[in-house]
Amino acid sequence: MYIPKIDFQLMIDSIPFLLTGLPYTIGISVVTFLMGNVLGILLTVLGMLPSKVIKGFVRFYISFLRGVPGLVLLFLLYFGLPYQLSALTAACICFGLTSSAFIAEIYRGSIAGVDAGQWDAAYALGLPFGKVMRKIILPQAFRISIPALGNVAMDLLKGTSLAAMITIPDIFQKAKIVGGRTFDYMTMYILVAVMYWLLCVAIGWGQGWLERHYINRYKGKSEVRT
C-alpha cells in the first residue's frame, strides 16, 4: 500500500516563498469583506423599502448570487466579458458580490432580531428613519450578526484560493508552483492548509474579541439614545 511521505524540510524551505503570496490572500479577503458589508447593508435597507420593484430586485440579486458557484462567477468575470478585467479586479468583484448576498441575509435576520420596542421607542422620540437605523438598529444588529459575519470572513479567506485559477499569486498559487517544481503536492498542500487554518484562527480570535467588546459596552446600558 502506498503511504504518502511528508517532506518537513521542504515545508520549512518553502514558507518564505509562500508568504510572498500572503498580501494577496489577506488583501483580497479584507477588500471583499468590506465591499460585501457595504453592499449587504445597502441591500438590507433597500429590501425594507415599500417599493415592490426594489424588493423584487433585492430578492433576485440575493437568490442569484447565493445560488451561483463562486468559481463560475469568477470565470464569467475574467473570461466571459467582452473586455478583459485584470485578475485582481475580477477576483475582488466576484468575492465582493458573492459575500454581499450572504451578508445582506445576515443583516436582515439580525435586524429582525432587534426588539420591536427599540423601533417604537425611537419613533416615539421623533427620530427619522435614517437616524433610527444608523444610531440604534444597525449597531444592535451588528452585535447580533458578529458570529455569522465571522463565518463569512473565514469563508472569504478560504475562497480566495479560487483566485489561483486565474493566476492570482496568492499562497495557494505559490504552493502549486512549488508542488509542480518538486513533484510533491502532498507536502505543499498540507503546508498551505495549515496556513489557511492559522489565518482562520486569527479571524476567530478577532470575532471573540468583538463579541466580548460589545457585551461589555452595552452591559447594563439602554440601547436607545438620542
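Start your tour by selecting helices H4 (70-80) and H5 (87-112), where H4 passes H5 in a right-handed crossing. A crossing is called right-handed if the near helix is turned clockwise from the far one by less than a right angle, and left-handed if anticlockwise. The helices here are DSSP runs (H or I, at least four residues; strands are E, at least two), numbered from the N terminus. The axes of H4 and H5 come within 9 Å and cross at roughly 140°. That makes H4 oblique to H5: angles under 35 degrees count as roughly parallel, over 145 as roughly antiparallel, 65 to 115 as roughly perpendicular, and the rest as oblique. Axes are lines fitted to C-alpha atoms, for helices over the stretch in contact, and angles run from 0 to 180 degrees between N-to-C directions.

Now show the side chains at this meeting place. From H4, pick Gly70, Leu73, Leu74, Leu77 and Tyr78; they meet Ala87, Ala90, Ala91, Ile93, Cys94 and Thr98 of H5. Contact means heavy atoms within 4.5 Å.

A word on what you are viewing: this is a predicted model, in which local features need pLDDT of at least 70, side-chain atom pairs count only at pLDDT 80 or more, and totals for chains, interfaces and linings use all residues. Residues are numbered from 1 along each chain as its sequence is written, and side-chain values use heavy atoms, with hydrogens and water left out.

**Zoom out to the whole chain**

Colour the protein chain by secondary structure, and you will find 9 helices and 0 strands. Its C-alpha atoms fill a box of roughly 70 × 45 × 35 Å, taken along the principal axes. Of the 226 residues, 41% count as buried; buried means under 20% relative accessible area, exposed over 50%, and partly exposed in between (1.4 Å probe, protein chains only). Among contacts between residues at least 6 apart in sequence, 77% join residues at least 24 apart.

Next, select H2 (22-47) and H3 (52-67). Their axes come within 8 Å and cross at roughly 140°, so H2 and H3 are oblique to each other. This crossing is left-handed. Look for Leu39, Leu43, Leu46 and Gly47 on H2, which make the contact with Ile54, Lys55, Val58 and Tyr61 on H3.

Stay with Tyr61 for a moment. Is Tyr61 buried or exposed? Tyr61 is buried, with a relative accessible area of 16%. Leaving aside neighbours within four places in sequence, Tyr61 is in contact with Leu39, Leu43, Leu97, Ser100 and Ala101. If you draw a distance between the C-alpha atoms of Tyr61 and Leu43, expect 9.0 Å for two residues 18 apart along the chain.

**Into the nonpolar core**

Now select Phe95 and Ile166. Of the 29 residues in the largest nonpolar core, these two touch the most other members. A nonpolar core is a set of buried Ala, Val, Leu, Ile, Met, Phe, Trp, Tyr and Cys residues joined through side-chain atoms within 4.5 Å. Helices H2, H3, H4, H5 and H7 (129-159) each give two or more residues to this core. Which helix gives the most? H5 does, with 11 residues.

Centre on Phe95 and show what surrounds this residue: not counting residues up to four places away in sequence, Phe95 touches Ile28, Thr32, Leu156, Gly159, Thr160, Leu162 and Ala163.

**Along helix H9**

Move to H9 (residues 185-218) and pick Gln207. Gln207 is buried, with a relative accessible area of 18%. Beyond neighbours within four places in sequence, Gln207 is in contact with Ile146, Pro147, Gly150 and Asn151.

The C-alpha atoms of Trp197 and Met165 are separated by 20 Å, with the two residues 32 apart along the chain.

**Last stop: the UniProt record**

An unreviewed UniProt entry lists residues 22-204 as "domain: ABC transmembrane type-1". UniProt positions are given in the numbering used here, feature names are shortened, and annotations may be inferred rather than shown by experiment. Select 22-204, and you have a span that is 83% helix and 0% strand, with end C-alpha atoms 18 Å apart.

For "transmembrane region", the unreviewed entry lists 24-46, 58-79, 85-104 and 188-210. Residues 24-46 are 100% helix, with end C-alpha atoms 32 Å apart, while residues 85-104 are 90% helix, with end C-alpha atoms 26 Å apart.
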